[in-house]
Amino acid sequence: MTATETTPEQPDEQSGPDPFLPFDDNRPASGPILTFRALLVGILCGTLVNTSNIYLGLKAGWTSSANIFGSVIGFAVLRKWSKSSSSRQEFGPHENNIVQTAATAAGGLSNVFVSAVPALYQLGLMDTPTKDYFRIVILTAIGGCFGLLSVAPLRKFFLIHVARELDLVFPSSSATAMTIRSMHQAIEGAAMAQRKLRAMVIAFSSALLLRVVSQYAIGVFWDWHVFTWLINSGVLVNVATSMESWGWFIEWTPAFIGSGMLVNVNVAVSFLSGSVLAWGMIGPYLVTQGLAFGEHRSTDPKWSELMSYSSLSSEFANADHPSPRYWLLWPGVICMMATSLTELACQWRLIWTLLRDFTRTLLQWVAQMLPERSNYRYTILSEPGSSDTLSDKDEGIKTWMWLPGLLFVVAVSCPILKVEYGMPIAETLLALFLAFVLSLLAIQATGATDTVPLGTLSKVSQVIVAGVSNQPTIEASQRLNLLGGALTNIGGSQACDLMGDFRVGYLLGTPSLPQYTAQLIGTSLAALISPGIFVLFATAYPCILTTESTAAAQCEFSSPSVSAWRTVAVAMTEPSLPIPPSSLTFAIAMSLLGIMAVLTRHFLWRGKWAHMRAYHPNMMILAMAFTLPATHYGIAFLMGAVAAVVWRRCAPAGFEAFGYAVAAGFIAGEGIGGSVNAAMSILGIGGRSFGSGVGCPAGVC
């Protein structure tokens, strides 16, 4: 799984006695595995997940990987395909791995469309998504191809040379490999895969149908505004109006209920606790003390006291006159960055080992290019510990497979980004260099914890690029700031996906070259597909491209990651710091608390106190809730987490068999349903044209 700021935790399934060795029952492929059918099914699965990710990312900054989804769907479809095919080509785990790889690649590149790209439009730095389609495709293709080509030769480095020392087990990838192996092992495994698929299809169809139907009566089928019901009944009107103004209601969102099923209760409780702290305690206190201000939502006398506290409009929300959302955004973003950087700092030994071993591997590669009798060559190749500690029969990725392409991407990106975005060549090279270096840290974090800190690492790139550039206007500086972060985001995302897929193939014994080829094909298509999906959503919901208060108040998408990217760009380029003094003070205090929490978890809750980690708040998730003016996501998240706990305790075998399939179906189903709604809105037959506002505050949900 991948997230713009964080990701849900996956179960850490061990592949056997030694998680750093391939499965001991692997068999070589009996035929071609890089097949048209594998690519077709994988790319279709990835496109579904890509669509779902853009929808979910714009909703709450959350995205997921296509690895499990592609594995199960690929098995079910291609197993039937192979049985009905006249060629009777055998379908095995290696071809299934190619389906999953293509799905992961095609499902990637969505991150930037729920963060940097909308931020460019909200700051007025680009024209319209429709007119800019090919410009966006170019940016996406450059970042994606650079990310793939730059880390492709590091397969053995991460999976063999330093895997054991850095504990790079890649939990999600290991679980995916286990899933593929189990589905192919026996008839019983195949039957179980069919049942998993059935559960996934039922969950997917139910979520899609609910999302499409609910648009015509949101207040009945989707959002339960309990406090609006009390207002309409004349019960506790003042209290109910205040609760409704602060956005407290229940949303039956399958995607976030499904996401909650994939995380532990600690993460869900931290999420909801952040919402309660921000939107139930601090926000109301700010308003009562005159430190933040709301605006009226309706002119109807009955709803005259109904307020909106989520404006980010520059006319209404600024350092001198902040809305609660504007005030709370800074502590959330700053605390997220502080805790993430502290987490990285706590892994300094691993990072040092990573850099040391990478340098050694690079020197070995250079030494191998030298003449046989070179003393320098002999010295480097005879370094202690330089030999492989684990065997790998795969020949890996040859130099000619990546170096010419990488040089070509770097060479063409400089003039293209200069012409299309006004990005100077020096800054382009710096941004690409940062994308590569930060991708190494992202891969290390993904392999060790299954968490991809793309949001934080991208903001590091934003800050560095902004710090060294000297642009004539604020607009040019902000554009350069966001582009630098976008290249890191895109490159890091595809680099992590590629290395995770390599891990799946390594465990299954799949040759790396077909995987690498499938990734290149999937990424190339995703560079066309992802911008198209974004154009669809931007056309149907133009509110995601603006901070204008009226549009934002009625927008279905809160776009928290977009807000975080935009505020960092503004903060780094404005002549004066655009943060309310009280907000900055609180942000510093909250960041220090977050840093102390991280240090406590790393150094205090150890040994006999290790059990305390289960009760330790996740400060990253808690801070993220400050950037999300929608408390119903935390409620839905907790509902999913509690449902998973109950299911696991009452029927552990049933949950292990079907829990993750149901969760994946819920997530993908709502995402596709949201895309259907967007298309219906463009055609004029959606809920905006024919829907009812019954059950909604002031008739608007």
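Tutor: We will go from the whole chain to single residues. This is a predicted model, in which local features need pLDDT of at least 70, side-chain atom pairs count only at pLDDT 80 or more, and totals for chains, interfaces and linings use all residues. Residues are numbered from 1 along each chain as its sequence is written, and side-chain values use heavy atoms, with hydrogens and water left out.

Student: How many helices and strands are there in the protein chain?

Tutor: Helices are DSSP runs of H or I with at least four residues, strands are runs of E with at least two, and both are numbered from the N terminus. The protein chain has 29 helices and 4 strands.

Student: What share of the residues is buried?

Tutor: Buried means under 20% relative accessible area, exposed means over 50%, and partly exposed is in between, with a 1.4 Å probe and protein chains only. Of the 701 residues in the protein chain, 58% are buried.

Student: What share of the contacts joins residues 24 or more positions apart?

Tutor: A contact means heavy atoms within 4.5 Å. Among contacts in the protein chain with a separation of 6 or more, 83% are between residues 24 or more positions apart.

Student: How do I read helix H21?

Tutor: Compare its span with the expected one, which is 1.5 Å times one less than its number of residues. Helix H21 covers residues 474–508, 35 residues in total, and reaches 51 Å from first C-alpha to last, close to the 51 Å expected. Since 32 of those 35 residues are buried, H21 is largely enclosed by the rest of the structure. Just after H21 comes Gly509, with a positive phi of about 80 degrees.

Student: Which residues other than glycine have a positive phi?

Tutor: Most residues other than glycine have a negative phi. Leu109 is one with a positive value, near 65 degrees. Leu109 lies in the loop between helix H3 (93–106) and H4, and is buried at a relative accessible area of 2%. Ala698 also has a positive phi, of about 60 degrees. Ala698 is in the segment after helix H29 (687–690) and is partly exposed at 28%.

Student: How many aromatic pairs does a search of the whole structure find?

Tutor: Rings of Phe, Tyr and Trp (its six-membered ring) pair if their centres lie within 6.5 Å; planes under 30 degrees apart count as stacked, over 60 as edge-to-face and the rest as tilted. The search finds 16 aromatic pairs. Tyr121 and Phe534 have ring centres 6.3 Å apart and planes at 35 degrees, so this pair is tilted. It links distant parts of the chain, with Tyr121 in helix H4 (residues 116–122) and Phe534 in helix H22 (residues 512–540), 413 residues apart. Both Tyr121 and Phe534 are buried. Trp647 and Phe655 form an edge-to-face pair, at 5.3 Å centre to centre and 85 degrees between the planes. Trp647 is partly exposed at 26%, whereas Phe655 is buried at 0%.

Student: Which rings have an arginine over the face?

Tutor: A charge sits over a ring if NZ of Lys or CZ of Arg is within 6 Å of the ring centre and within 35 degrees of the ring normal. Arg135 lies over the face of Tyr421, 4.7 Å from the ring centre. Arg211 lies over the face of Trp222, at 4.0 Å.
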